[in-house]
Amino acid sequence: MTTLTPAADLAAKNSHPYPNDSAEYRQARTALLAEEIELRRHIERVAEQRRALPPGGAAPDYDFIDANGKTIKLADLFGQHATLVTYFWMYGPQRERPCPMCTAFLGALDIPSHDLMQRIAVAVIGRSPVARQLAFARERGWRNLQFYQCVGDAFPRDYRGLAPDGSEWPALDVWTRPEGKVHHFWASELGGTQDPGQDPRGAPDPTPLWNILDLTPAGRGSDWYPKLSY
C-alpha cells in the first residue's frame, strides 16, 4: 500500500506567494491548500468505493420514445457501451418551461457529453414529448445531448424522479448491463441530507456553476438561483 505524503507537508512545499501576498494571507492559504489536498484524496476514496459497488437491482423493462418517434427499451439507450448515465429532468407536460436548475446542469453537460459518449452512453429523459424537449434544447444551443420521453410514469416513479403528489425531482442515475441484463449501479441519494442552511447538493456537486461560485468570497449565497433568462 502506498504511503502518501502528509497533506500539510505537500502544502508547505508547494505553497508559493503571489505578488504582494501578506504573511497572514500566505499562512491561511497554505492551511487551506492542505485541506484541499485532503479533500481531493477524500473524493478519490469515495470514487474508488463507488466503483467497487456490486451490481444493483435488475431494472424493469421500461419503454421510451426516441427522437425518431420509435419506442425503445432501457437497454437500447446503452448503444455500444456497457455503462449508461441518465438524467431525468423536470420538464413534464404540465410545465410551461423546464426547471432552471436542470437547465443549468444540462447546459454544462451538453458540450462534454460529446467526449463522455466515447466511453459511456448519456441520455436525458423527460416526461414531455421528445420534440418539445428538443425544441428547448435548440433554443439553448445544445447540440450533443440525446433526449428521450419515458412512456408512462413507471420509470420516474420507481427511480425517484416523480413524487407521489405528481411533482418532479431531478434524478441522476448510472446503469450497467453485465451479461446483457440492465442493472441499476448508482444514483444520487443525497436529497434530504443537506445540513442546516444548505440547499440540496452533490458530493462533489456535478454542476460546474456551483463549484465555480464556491471558489469566490461570497460563495453560492442564500437566495440566488439560475434563471432561464436574465
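**The cysteines and their setting**

Author: At 3% relative accessibility, C150 counts as buried. The model under discussion is a predicted one, and every value here is computed from it. C99 is likewise buried, with a relative accessible area of 9%. The closest cysteine sulfur to that of C99 is in C102, 3.7 Å away. A disulfide is a covalent bond between the sulfur atoms of two cysteines. The cut-off applied here is a sulfur pair within 2.5 Å, and the sulfurs of C99 and C102 are therefore too far from each other for a bond. The number of disulfides by this rule is 0. C150 is also in no disulfide, since the nearest cysteine sulfur, again that of C102, is 13 Å away.

Among contacts with a separation of 6 or more, 63% join residues 24 or more positions apart. The C-alpha atoms occupy a box of roughly 65 × 50 × 35 Å along the principal axes.

The chain carries 25 positive and 28 negative side chains. The centres of these two sets are 4 Å apart.

Most residues other than glycine have a negative phi, and most peptide bonds are trans. N20, which is not a glycine, has a positive phi of about 65°. The loop that holds N20 lies between α1 (7-14) and α2 (23-51). N20 counts as exposed, at 80% relative accessibility. R160 also has a positive phi, near 65°, and belongs to the loop between α5 (154-158) and β6 (171-176). With a relative accessible area of 55%, R160 is exposed. The peptide bond from A203 to P204 is cis, its omega being near 0°. P204 is situated in the loop that links β7 (183-187) and α6 (208-213).

To return to the request, C99 is buried and C150 is buried, while the count of disulfides is 0.

Definitions and conventions. Residues are numbered from 1 along each chain as its sequence is written. This is a predicted model: local features need pLDDT of at least 70, side-chain atom pairs count only at pLDDT 80 or more; totals for chains, interfaces and linings use all residues. Side-chain values use heavy atoms; hydrogens and water are left out. Contact means heavy atoms within 4.5 Å. Lys and Arg count as positive and Asp and Glu as negative; His and the chain ends are not counted. The place of a charge is taken as NZ of Lys, CZ of Arg, CG of Asp or CD of Glu. Helices (H or I, at least four residues) and strands (E, at least two) are DSSP runs, numbered from the N terminus. Buried means under 20% relative accessible area, exposed over 50%, partly exposed in between (1.4 Å probe, protein chains only).
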